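Try each task yourself before you read its solution.

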Amino acid sequence: MCRNLRVTIKGPQSLRGTVSAPGSKAYTHRALLASLLSQGETVIQGVSECDDTRSTLEAIRSLGARARTENNRIVSCGTKKFVSCTTPIDCGESGATLRFLTAIAGTSSARTTLRASVMLAKRPLEPLLKAMETLGASTTITENREGSEVKVHGPLKGGETWIQGDISSQFISGLLFAAPLAANDVTIHVKGRLESRPYVEMSLDVLKRHGISIDVDDSEFHIPAPQKYTSAFHDVPGDFSSAAFLIAGAGIAGEEITVSGLNPGSLEPDAVFLKVIDGMGLDVRNTGQTLEVRGSKLEPFEFDAMNNPDLVPPLEVLGCFARGISEIRGVERLRYKETNRLQTIPAELGKMGAKISVDDDVVKIMGGGLVGCELDSKHDHRVAMSCAIASIGASGDSSIRNAEAVSKSYPEFFQDLIRLGVELSVE
């Protein structure tokens, strides 16, 4: 997608039509990384095709996986020994790629260098590096004008390690992927509250499919080692964190939309979004893996986002159109996303007249509608999608600068809006 893209959206508009949800980005990352570590052929059906998952796909190829793409699926054969890369592996802006591979690279005696973009280099990594060093890996990180480079090598000896649970669950998931390849058993102690636990549960499910056994006792994980990864088949669930924007759009301005490829009973953590919008009064009907959503007058809501930080952006937009004050708790970790979303989303929606306050770990949104204006994604994909959905329900036209940011997680986002009848222009 082109850089410095500007999208103009006429408001208000209605949504109607049918689209398919993209594959889960979080699940695709995990399936790809497990395939790298597995002997035999792993098939991943219904993959997410976005910038972040492409970074992971190219990274596992660089380390020796033989992966080919065919008909919306990836067939990948892993490697017993990582290829020694002479050039850094580019993780782009993908936090999952960098964090998972930092841990996994610590299991190999070959030195691996991972490159992070300027934006990604600003996101936390040090707690994971310290945990890896406790288990015997060697790590160094250096910053430069283009971001940062992380150098990692093993072998991973095993033992016990401790890590904070309230910064990024990807730290814990990365360690869980690496630990089975250690020379001795590993115990991971999570300090404090483990937030986004459903994403760790997703990691455990993927690992189980690949033959890995892990004992879980609340916030303590014991991994017998060494173990062998085996190949598996994955049918990637639909991505609720991306589809949530379309569903929010239907709630704000929809006549009726249908979104296929979403299974409310799947391991996708953000499927909880359906419970929130049901409480707001949206008419949602579920048949198999298809959702029909009809707009209505929106009631205010309360939500604890401790386990679902990616749902905060679309929920903030919905709150702007609800009748009353909505409250979202457990938002502290939004500071560590692509931007500090406790600042960027209230600031952009504030330009449209939104009344959003942030106090410690709580966001409050006063409903009342929005007015179209000039907006900027700040190069954050979820800020871009929030602005777009807000623009559809706003009075008057809006334009969104740096709209290409959506390609990080949902490249088809604006095309899907057009499929749902949204009138927009791109320049």
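**Exercise 1.** Find which residues His-29 touches, leaving out those up to four places away in sequence. Then decide whether His-29 is buried or exposed.

*Solution.* Bear in mind that this is a predicted model.
- Step 1: start in helix 1, residues 25-37, where His-29 is found.
- Step 2: look for the contacts of His-29, which are Asp-52, Thr-53, Thr-56, Ser-94, Ala-96 and Thr-97.
- Step 3: check the relative accessible area of His-29, which is 2%. Buried means under 20%, so His-29 counts as buried.

**Exercise 2.** Work out in what order the 4 strands of the open sheet lie, and which are the edge strands.

*Solution.* 
- Step 1: read the order of the open sheet, 7-8-10-9, with mixed pairing.
- Step 2: pick out the strands that pair on one side only; these edge strands are strand 7 (89-90) and strand 9 (138-144).
- Step 3: follow strand 7 to strand 8 (residues 112-116); the two run parallel and are joined by 2 bridges. Here Asp-90 stands opposite Arg-115 in strand 8.

**Exercise 3.** Compare the reach of helix 7 with its expected span, then list its buried residues.

*Solution.* 
- Step 1: note that helix 7 covers residues 197-209, 13 residues in total.
- Step 2: go from its first C-alpha to its last, a reach of 19 Å, close to the expected 18 Å.

Conventions
Residues are numbered from 1 along each chain as its sequence is written. This is a predicted model: local features need pLDDT of at least 70, side-chain atom pairs count only at pLDDT 80 or more; totals for chains, interfaces and linings use all residues. Side-chain values use heavy atoms; hydrogens and water are left out. The expected span of a helix is 1.5 Å times one less than its number of residues. Buried means under 20% relative accessible area, exposed over 50%, partly exposed in between (1.4 Å probe, protein chains only). Two strands pair if DSSP finds at least two bridges between them. Contact means heavy atoms within 4.5 Å.
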